[in-house]
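Please open the structure in a viewer and keep the sequence at hand.

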Amino acid sequence: MASSSSRTTGPCVYVLHHSSRPRTKLSQPAGPGKGSRLGPPPARAPRRPRRECQGPPPTAAETQAGAAHVVGYPLPSVTSRTSTAAAAMAAAAFLCARAAAAALRPPSRGLPRRLLASRVAAASASGEGGGGVEFQGTVGFLGLGIMGAPMASNLIKAGCDVTVWNRTKSKCDPLLSLGAKYEPSPAQVALSCDVTFAMLADPESAAEVACGAGGAAEGLAPGKGYVDVSTVDGATSKLIAEHITSTGASFLEAPVSGSKKPAEDGLLIFLTAGDESLYKRVAPLLDVMGKSRFYLGDVGNGAAMKLVVNMVMGSMMVSFSEGLLLSEKVGLDPNTLVEVISQGAISAPMFSLKGPSMVKAAYPTAFPLQHQQKDLRLALALAESVSQSIPTVAAANELYKTAKSLGLADHDFSAVIEALKAKVQSSQQQ
């Protein structure tokens, strides 16, 4: 069956047709009184490329070099005019098929949706059709720390019109180089944008940026939206919601599950609650920054869900740290423990990603230890408010507090293992 593909060289598009490869002769077992053999189909001369616009077609050498680059090894040299045309068509078809397959391949786990959005936006900008993110309006982003910077960057790369602010203005520079705009206060960002996101370090910062002097609430008005993706307690989230909605604007809490790498890859999980119409309005933006999103109802539910998730994560890290130290103490290789765990029922990406570094006593920051301890503190307060006992979390919280006292607050939360090491050393000295 004949197939066709296209390639672009400058302003010209060539449609090349080539016949399928001749079938190899197949022998069939002879039946009683029979003997037959299938021969190849009649040979078809390769058809010449049909030019769709003016301009010279690529030479055989150019096409051959391109095919060699993709395949990874040199193609045989071309010695005749007929073989030159055949080689050129075959190589060009191969290249076009590869390009077409890559362009049409649906997103997978290895291809975050934000990249698909970026491709669509790029295609739209080049006149190749399609559109960018399905959001009409401008986007503000407040707070460009370890999480906020990559989240805002993904929005910019997806084609969004983004205006940023950060207390330390120099942290805005990388995003300005990508095309973001800058405003000198949260109020001015909110005033100039249709929807404003905020990613702050703690409840105090989140409340100040939203409600304080020069805060976002001063620039909000009916028709605008404010989305707080910070991790705060329910009381703080409700306080912010009250100030935001008093301006006539809409409010959505949307704390995220995920750390630095998922933020960079657009694979965060959004735990949202609040104004459902705003949730639907910003859903395309959440899909650029994350792999999934949950709408949980009233304000406070998103905050509670995030605290429960981080409470479990912090406790898991303490238990994992104890396992690494115990395995080494009894003469086992802790790296083997990491591998065994990764293949069993308790496998978790966190263990596989952080285990090897922990064995080497290296803690590159993806989620700061001080933030993990803050979340455990807030989870304990949440449990106390409903009279729920969580003794394991209480014990884990003490270890994170010890790690902070050792100067590890800005290290990754996996550095809690150092608190356990310190306890062992202290007991041995007594």
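Begin with Leu252, whose bridge partner in β13 is Gly274. This is a predicted model, in which local features need pLDDT of at least 70 and side-chain atom pairs count only at pLDDT 80 or more, while totals for chains, interfaces and linings use all residues. Residues are numbered from 1 along each chain as its sequence is written, and side-chain values use heavy atoms, with hydrogens and water left out.

**First stop: strand β11**

Select residues 250-253, which form strand β11. Helices (H or I, at least four residues) and strands (E, at least two) are DSSP runs, numbered from the N terminus. Ser250 and Leu252 point one way from β11, Phe251 and Glu253 point the other way, and all are buried. Buried means under 20% relative accessible area, exposed means over 50%, and partly exposed lies in between (1.4 Å probe, protein chains only).

Next, display the strands that pair with β11; two strands pair if DSSP finds at least two bridges between them. Strand β10 (residues 225-228) pairs with β11 in the parallel sense over 4 bridges, and Tyr226 stands opposite Phe251. With strand β13 (residues 268-274), β11 pairs in the antiparallel sense over 2 bridges.

A crossover is right-handed if, with the strands pointing away from the viewer, the path from the first strand over the helix to the second runs clockwise.

**Second stop: a cavity beside these residues**

The structure holds 2 cavities of 30 Å³ or more. On a 1 Å grid over the protein atoms alone, a cavity is a set of points where a 1.4 Å probe fits but cannot get out, and lining residues have an atom within 4 Å of a point. Grid points are joined across faces, edges and corners, and a volume is the space filled by probe spheres set on the points. To find the second largest cavity, select its lining: Asp228, Ser230, Val232, Ser237, Phe251, Glu253, Pro255 and Ala303. About 40 Å³ of space lies within this second largest cavity.

Now select β13 on its own. Because 6 of its 7 residues are buried, β13 is largely enclosed by the rest of the structure. Strand β12 (residues 256-257) pairs with β13 in the antiparallel sense over 2 bridges, and Ser257 stands opposite Ile269. Strand β14 (residues 290-295) runs parallel to β13, joined to it by 5 bridges; the bridge partner of Thr272 in β14 is Tyr295. From β13 the chain crosses through α10 to β14, and this β-α-β crossover is right-handed.

In soluble globular proteins, nonpolar side chains tend to be buried together. A nonpolar core is a set of buried Ala, Val, Leu, Ile, Met, Phe, Trp, Tyr and Cys residues joined through side-chain atoms within 4.5 Å. Which residues touch the most other members of the largest nonpolar core? Of its 35 residues, these are Phe141, Met151 and Phe197. The elements that each supply at least two residues of this core are β6 (139-142), α4 (148-157), β7 (162-165), β9 (195-198), β13 and α10 (276-289). Helix α10 gives the most, with 7 residues.

Select Phe141 and show its contacts (heavy atoms within 4.5 Å). Not counting residues up to four places away in sequence, Phe141 touches, among others, Met151, Leu155, Trp165, Phe197 and Met289. A second, separate core of 32 residues includes Met350, Phe351, Leu408 and Val416.

Helix α4 is mostly covered, with 8 of its 10 residues buried; among them are Met151, Ala152 and Leu155. After α4 comes Gly159, whose phi is positive, near 100°.

**Last stop: Gly355**

Select Gly355 in helix α13 (residues 349-359). Is Gly355 buried or exposed? Its relative accessible area is 0%, so Gly355 is buried. Not counting residues up to four places away in sequence, Gly355 touches Phe320, Val338 and Met350.

Finally, return to the whole protein chain, which comes to 16 helices and 14 strands. Buried residues make up 40% of its 430 residues.

Notes
On a 1 Å grid over the protein atoms alone, a cavity is a set of points where a 1.4 Å probe fits but cannot get out, and a pocket is an open set with protein on both sides within 12 Å along at least five of seven lines; lining residues have an atom within 4 Å of a point.
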